[in-house]
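Student: I am new to reading protein structures. Could you walk me through one, feature by feature?

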Amino acid sequence: MMSQMLIGPMRPVLQWLAPGGSRAPLSILIYHRVLPEPDPLLTGDPDAATFRWQMQLVARLFNVLPLSDAVRRLQDGTLPSRAACITFDDGYADNHEVALPILREQGLPATFFVATGFLDGGMMFNDRVLESIRRMPSGELDLEHIGLGMRSIDGLDERKALIKEVIQSVKYLERGEREEKVEQLTAQCPQALPDDLMMTTAQLKGLAAAGMEIGGHTHSHPILARLTDDQARAEIHQGKEALESILGQPVMMFAYPNGKPGSDYLPKHAAMVRECGFDAAVSTTWGVSTPHTDRYQLARFTPWDATPGRFGLRLARNLLKRHHPD
């Protein structure tokens, strides 16, 4: 039912909003995780069934290209109409285990931006917060060390709200201070945290062997704007060097951690990315990119809607927002 009732009317609309050639806009979708099953604590990430219909819809409505090809054609003015790319950030194991089979089933290329410091058993700070609070017994939780006092986690909604609050409270702290506070939280957890959330080196190689593009995402996923210039440059370079060493091939695309211009990265970081030898970089600014967009600050967006119709309409609406960073 999704197909012709939705596809038929939307294709001419998208053709009008996204013509090919010198005026062509580029839509870039951003994902992080694709879950095997729905997770009540991760409602922002699609499960396999949802991701499958999303990819079916994208495959029928858009001309999906590898990001590196799309960037080149965007600059050359040779993009096809309804051009789009699919990207993933961070390097979660489910990208290989869950997303890859669905992408291959639909014949879709994608780019995976991997933070190399978490390969083979690592864990990002936000996941340590989430998985710790998931496993805490119901009742009172002492968060004085984070400045949040005593908190109650008796129900699912309270856990979800607390996870969000803790992550936001520590996200922009200096890295050492953030790690110390998160470590104090995880020390209160009575259960061991998972060690298989992020990709193994073998899974990373498997993505590349399947024809997927691998991109840089720094080494340890810091907020670049909170680092010294030398630290930021080292993070960008180290991630690229590690990926190229593992894969034995150039890594030319980059994604800024967090990705909001002005707060997470600055124009000087775009210059660093270029100087480190990347061909282009993506942000998390909503909208579509055009030939006038800085190719080191490309826009990305993903609708959050739960039905194909609304998902498709929001993709179409996003085409109206052209991204021209300063």
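Student: Which residue follows α10, and what is its phi like?

Tutor: G277 comes after α10, and its phi is positive, near 100°. Keep in mind that this is a predicted model, and that goes for every value we discuss.

Student: How do I read the helix itself? Which residues of α10 are buried?

Tutor: The general idea first: an α-helix has 3.6 residues a turn, so residues three or four places apart point the same way. In helix α10, which spans residues 267-275, the buried ones are H269, A270, A271, M272 and V273.

Student: What covers the buried residues of α10?

Tutor: The cover includes α9 (229-247), β8 (253-255) and β9 (280-282). Helix α9 is also where R233 is found.

Student: Is R233 buried, exposed or partly exposed, and what is R233 in contact with?

Tutor: R233 has a relative accessible area of 33%, and because that lies between 20% and 50%, R233 counts as partly exposed. Leaving aside neighbours within four places in sequence, R233 is in contact with M272, E275 and C276. By contrast, take H145: R233 and H145 are 88 residues apart in sequence and 32 Å apart in space, C-alpha to C-alpha.

Student: Now aromatic rings. How do I describe a pair?

Tutor: A pair of aromatic rings is described by the distance of the centres and the angle of the planes. In this model the count comes to 11 aromatic pairs. One of them joins F51 and F88: the ring centres are 5.9 Å apart and the planes are at 65°, so the pair is edge-to-face, the word used for angles over 60 degrees.

Student: What should I look for in the nonpolar interior?

Tutor: In soluble globular proteins, nonpolar side chains tend to be buried together. Here the largest nonpolar core has 58 residues, and those with the most contacts inside it are F51, M55, I86, F88, L103, I214 and Y256. Helix α2 supplies the largest share of this core, 7 residues. Apart from it lies another core, of 21 residues, including V129, M136, L143 and I163.

Student: You named F51 and F88 again. How accessible are they?

Tutor: F51 counts as buried because its relative accessibility is 0%, and F88, at 0%, counts as buried too.

Student: And which residues does M55 touch?

Tutor: Not counting residues up to four places away in sequence, M55 touches Y31, I86, I102, L103, Q106 and L108.

How values were computed:
Residues numbered from 1 in each chain as written. Predicted model: local features only at pLDDT ≥ 70, side-chain atom pairs only at ≥ 80, totals over all residues. Heavy atoms only, no water. Phe/Tyr/Trp six-rings, centres within 6.5 Å; stacked < 30°, edge-to-face > 60°. Buried < 20%, exposed > 50% of the residue type's maximum accessible area, 1.4 Å probe, protein only. Core = buried A, V, L, I, M, F, W, Y, C linked by side-chain atoms within 4.5 Å. Helix = DSSP H or I, 4+ residues; strand = E, 2+ residues; numbered from the N terminus. Contact = heavy atoms within 4.5 Å.
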